[in-house]
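Visitor: I have a structure to look at and some terms to check. Can you take me through them?

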Amino acid sequence: MLKFIGAIALAALAPLAFAQAPLQCPDKNVMYWQAFPPGGESDLSARHQQLVLKKKCAAVETIIQYKAGAGGALMWTQMNQLPADGVNVVGINLPHIVFQPIEGQVQYRTQDITPVFWFHFTPDILVVPAQSPIKNFKDFIEAAKKDPGKISLGGSGQFSANHAAHERLDAAFGIKTLYVPFKGTGDMATSVMGAQVDGAMTYTPFAITNKERIRPLAVAMDKRHPLLPDVPTFKELGVDWVDGAYRGIGVPKSTSAADRKKLSDLWRALNTDAEMRDLAAKNGFELINIGVEEMDGFMASKTKLYTEGAARMGLGKK
């Protein structure tokens, strides 16, 4: 816990520490690989970074590529086969890269992933379609208890942050609902908004960008989200729950320490740009700055936390 607090403290100070350093633009175009399909939070954040990187490094193109499948595992299994040239970067997610290897159906280990920067997290949020008869969280709990196992909740990926949040929801409130995994948030959106599932355990950006077509019921934040002022927090509902999904970038393991540092510094510069802060606020992303300097402590803390969570979910048990 002390290491984690130290990492967060350093991350908070990091923009000041790095403000004086000159920005080193890549000498080639950046190949930005995505582990999920277009249309979800990972894609949206990559598009934001593409926009700001072009402003800071006009001669550099950010080429976003998609290799989706197996809840992100298809890309993460293959990332160490990419050129270790300092311009091939891969979008990575927590708790996915901890949960999936524990579950045992993927061909990579958590330690095979080499993070260089974590740039934001998106809080968990429970939503239902706008046309749902469920009008608030009280209605949701009553419906779930009336017909255990009947309510279906979509989410992005199997053994992902959404899946973990779904299990936590059921355990915390003594209910039983059905989890329906999708390849990514983009794939899930149509089913939720078309009421093909009864709702979703998803993230705040989805709720904000689709607020005319879905109804958020509860959010996993310390305080209510300023763009969702009518949505209660789980804390208000009696459960100490502040969590979500973390997004960052990783590189092939053989990438040099110097190139890892350059990418870490570049993404920190993107993350502390005024335009990026504005885009994040409008879309429900909570920015963080965890670079190579803070990485070991942060990853040790998160790996411990999610390993304990996986044990509660029964992951890895045959």
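Visitor: How much space lies in the largest pocket?

Guide: About 580 Å³. This is a predicted model: local features need pLDDT of at least 70, side-chain atom pairs count only at pLDDT 80 or more, and totals for chains, interfaces and linings use all residues. Residues are numbered from 1 along each chain as its sequence is written, and side-chain values use heavy atoms, without hydrogens and water.

Visitor: What makes a residue part of the lining?

Guide: An atom within 4 Å of a pocket point. The lining has 26 residues, and Arg168, Asp243, Leu305, Tyr306 and Arg312 lie nearest the centre. Helix 11 gives the most, with 8 residues.

Visitor: Which classes make up that lining?

Guide: 17 nonpolar, 2 polar and 7 charged residues.

Visitor: Which residues of helix 5 are called buried?

Guide: Phe137, Phe140, Ile141 and Ala144. Buried means under 20% relative accessible area, exposed over 50%, with partly exposed in between (1.4 Å probe, protein chains only).

Visitor: Why are they said to be on the same side of helix 5?

Guide: They cover an arc of only 95 degrees around the axis, so they share one side. The arc is taken from the directions from the helix axis to the C-beta atoms. Lys138 and Lys146 are exposed on the face turned away from the buried side.

Visitor: What covers the buried residues of helix 5?

Guide: The cover includes strand 4, strand 5, helix 6 and strand 8. Contact here means heavy atoms within 4.5 Å.

Terms used
Helices (H or I, at least four residues) and strands (E, at least two) are DSSP runs, numbered from the N terminus. On a 1 Å grid over the protein atoms alone, a cavity is a set of points where a 1.4 Å probe fits but cannot get out, and a pocket is an open set with protein on both sides within 12 Å along at least five of seven lines; lining residues have an atom within 4 Å of a point. Grid points are joined across faces, edges and corners, and a volume is the space filled by probe spheres set on the points. Ala, Val, Leu, Ile, Met, Phe, Trp, Tyr, Cys and Pro count as nonpolar, Asp, Glu, Lys and Arg as charged, and the others, Gly among them, as polar.
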